[in-house]
Amino acid sequence: MKHKKSMYLILLTIFILSLPICSYADDSVTISKNDYSTDTEFQNAIDNAFENCDNFTIILDNDTISPILNTNVSPLSADAVLYKVKNVQNKANSFGKDYLNVSGDPGITIGLSHAKTESYALQFGATFGCDKSFIANATWGSSKGSTLTYSGTWKVPSKANGKKVKRGYLHMRPEYKVKSYTVYHKNYGTSKWIKDGSSTTKKAYAVNIRKTFTYK
């Protein structure tokens with residue numbers, strides 16, 4: 001019985017020592033399948049790395065890094081790329097294309113007599129390989145776009161700007177709030193964040209109405 005207990009203790013010690021020992025000071029930890037006799041031991045080593053290592057690399061066979069999902073501890077894979085969005089700043093508002101552009105002679109009422117609703121998705125510049133919803137959450141706190149409701153009518157005047165009006169034009173367009181952002185990425189097995197680039201994201205928040213004229 002004592003002999004069996006000793007063997008169990010030896011095997012347990014070997015198993016514990018085979019797990020990657022990580023610390024924040026580690027530059028990189030390599031977990032190779034060839035170093036483990038069973039898939040369970042290999043997965044346990046991966047679990048431990050996800051829990052305790054900042055940087056690690058998982059090698060399956062022949063030093064080939066392949067994705068292994070650790071569904072119990074972390075959704076990240078061995079070849080995962082981490083992204084972060086920084087330097088979010090408000091920029092000058094911009095405008096979309098006219099969704100209403102109608103005209104009429106002086107005395108004629110133009111525009112919308114009933115409210116109309118239109119939905120606008122978030123707009124993105126370059127994403128640099130980063131998921132759009134990730135950027136949206138970082139810049140706006142949500143991945144949802146906007147729904148704008150607009151209506152209104154306008155009676156074209158006979159005079160404007162001290163001149164006799166020939167024709168009046170009514171323009172409606174969405175107005176966007178604009179934010180700039182910078183995307184960085186970091187590969188597993190490295191500790192350095194790399195700047196990918198900067199771009200902008202836009203979210204519709206208002207309806208802009210413009211009136212223009214031609215004159216006699």
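What follows sets computed values against their definitions.

This is a predicted model, in which local features need pLDDT of at least 70 and side-chain atom pairs count only at pLDDT 80 or more, while totals for chains, interfaces and linings use all residues. Residues are numbered from 1 along each chain as its sequence is written, and side-chain values use heavy atoms, with hydrogens and water left out.

Q: How many aromatic pairs does the rule give?
A: The count is three aromatic pairs. Rings of Phe, Tyr and Trp (its six-membered ring) pair if their centres lie within 6.5 Å; planes under 30 degrees apart are stacked, over 60 edge-to-face, and the rest tilted.

Q: What makes tyrosine 120 and tyrosine 176 an edge-to-face pair?
A: Their centres are 6.4 Å apart and their planes stand at 90 degrees.

Q: Why is tyrosine 120 called buried?
A: Buried means under 20% relative accessible area, exposed over 50%, and partly exposed in between (1.4 Å probe, protein chains only). Tyrosine 120 has 12% relative accessibility, so it counts as buried. Tyrosine 176, at 3%, is buried as well.

Q: Why is the pair of tryptophan 154 and phenylalanine 213 edge-to-face?
A: The ring centres are 5.7 Å apart and the planes lie at 70 degrees, so the pair is edge-to-face. Tryptophan 154 lies in strand β8 (residues 146-155) and phenylalanine 213 in strand β11 (residues 194-215), so the pair ties together parts 59 residues apart in sequence.

Q: What is the burial class of tryptophan 154, and what is that of phenylalanine 213?
A: Tryptophan 154 has a relative accessible area of 11% and is therefore buried. Phenylalanine 213 has 22%, so it is partly exposed.

Q: How do you know that lysine 202 lies over the face of tyrosine 176?
A: A charge sits over a ring if NZ of Lys or CZ of Arg is within 6 Å of the ring centre and within 35 degrees of the ring normal. Lysine 202 is 5.0 Å from the ring centre of tyrosine 176. The charged end of lysine 84 sits over the ring of tyrosine 184, 5.9 Å from its centre.

Methods. Helix = DSSP H or I, 4+ residues; strand = E, 2+ residues; numbered from the N terminus.
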